[in-house]
Amino acid sequence: MDHPASDVELVPENEKIENGKERGHPFHCELYDTEIVRKIGQIFLPGLSSACVDNTTGDMFRSPGSVAVDVRKEMIDYLTQRSESFVAESVVLEGGPDAEVSDHPYDIISVMVDDFTSMKRSLFGRVSGWLLSEKREDKIDDFMQEMETNGFWLLEKREAIAQILVKNVDYKNIFHCDKKFNTSEELAEHVVNCGFRTMNCTNEGCTTVFCASQLEKHDSACPFKIIPCEQQCSENIMRREMDRHCITVCPMKIVNCPFYVVGCQSTVPQSMVQQHRFDNLHSHLLNTLKGIHEGASEEDLKRRVDQIVELSSGQLADDRDVRSLILKVKDLEAKLGPLEVKAAEKFGEESTKAGENGGEESIEVGNNGGDESAEVAKIGGEKSTGETYVEDKIDSEKSTETINKVGGEFSSIQV
């Protein structure tokens, strides 16, 4: 039987290969974001542990360890198939009501791991997850630690699988390199400068591995990097030790004035305390004397401060705290003698002035009282004179009547 004629032009095999090299790009860069791959590899073991525990819960004949190998294989196949079809699923769901999902590989693969874990739960495992969640979490943690101790699924192998998954779901080519080249020489030249090439941190003590494109980001947060003091002292400190340095030994640490207890509210850098004491000696002395000489006026205390400073010959500026300053002040005051208080003289003058004002007020009150007494006496005199006149008149009339009566009776007797 003759084959039907074809219009397809037959091309020699060697020409196909040669043309394929020209039109295609057989050399691909296999580099990826190592940080994302490591994070994804770390979620595989908890997911596997959950799937094994839930799948065997309530089964007397199986334990999580007995099904771990089979479940791990199923998990790898499931994640690989889901990742390969993820781009097609995204296109189908694009524009739908539930299409707003994260495009970050870590989030995408985390959802896939959760879906697989839920799919492997037995009926009893689902009920146990609802009713005994705390006990279930303890079993999952115990089994995960057991797998880590026994080296059941090493992180390096998990990262190899995560690398494949990232390339499958990272359709925007953000977390892996998608460059292709015609020759191996071009690829080798690119790998040296690729932004996804692996780099180790050069700071002493740091073991972090990251992509070259993440160098600046890591360097800005690396806890082992030596940086200048944040409080601008002259020392360079490891970033993770910066907080301890700033609140303990840093000379630029902000502290209260040593004379805070006697009234100085200033806050100064620790290295500037001595200069602060020297610059504010007079105010510190004044506040100290206020506590020693209670009730004295501020003018008297200021004069006393000048006397003490002059007598001390600059020795007081070396006192570091209130106690030492008070001891020296008392010694100097013993030499100076009692505090001259002009407030008492002023008080005496005010008392004299008040006495004079009081005397004038007393005289005025006395005069007013005398006038009122005279007026009362006059009224009383007039009243007394009137009453005496009436009484005298009555007595005179009574006396005349008596005399006349007695006289009449005497005359009748003589006749």
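Where is the place of E134? E134 sits in helix α7, which covers residues 133–150; helices here are DSSP runs of H or I with at least four residues, strands are runs of E with at least two, and both are numbered from the N terminus. The model is a predicted one, so local features need pLDDT of at least 70 and side-chain atom pairs count only at pLDDT 80 or more, while totals for chains, interfaces and linings use all residues. Residues are numbered from 1 along each chain as its sequence is written, and side-chain values use heavy atoms, with hydrogens and water left out.

With a relative accessible area of 67%, E134 is exposed (over 50%; buried means under 20%, and partly exposed is in between, using a 1.4 Å probe and protein chains only).

Next comes helix α5, residues 105–119. Among the buried residues of α5 are I108, M112, F116 and T117. N55 belongs to helix α2, residues 34–56, and counts as buried at 15% relative accessibility.

Then there are the salt bridges (a side-chain nitrogen of Lys or Arg within 4 Å of a carboxyl oxygen of Asp or Glu). The count comes to 13. One of them joins D103 and K172, whose closest N and O atoms are 2.7 Å apart. D103 lies in the loop between α4 and α5 and K172 in the loop between α8 and β2, so this pair ties together parts that are 69 residues apart in sequence. Both ends are partly exposed, D103 at 32% and K172 at 46%. E298 and K302 form another bridge, at 3.8 Å; these two both lie in helix α14, four residues apart, or about one turn. Residues three or four places apart in an α-helix point the same way, because there are 3.6 residues a turn. D54, R121, R136 and E137, meanwhile, are linked in a network of salt bridges.

Most residues other than glycine have a negative phi. N173, though not a glycine, has a positive phi of about 55 degrees, and Q232, also not a glycine, has one of about 65 degrees. N173 is in the loop between α8 and β2, while Q232 is in the loop between β5 and β6.
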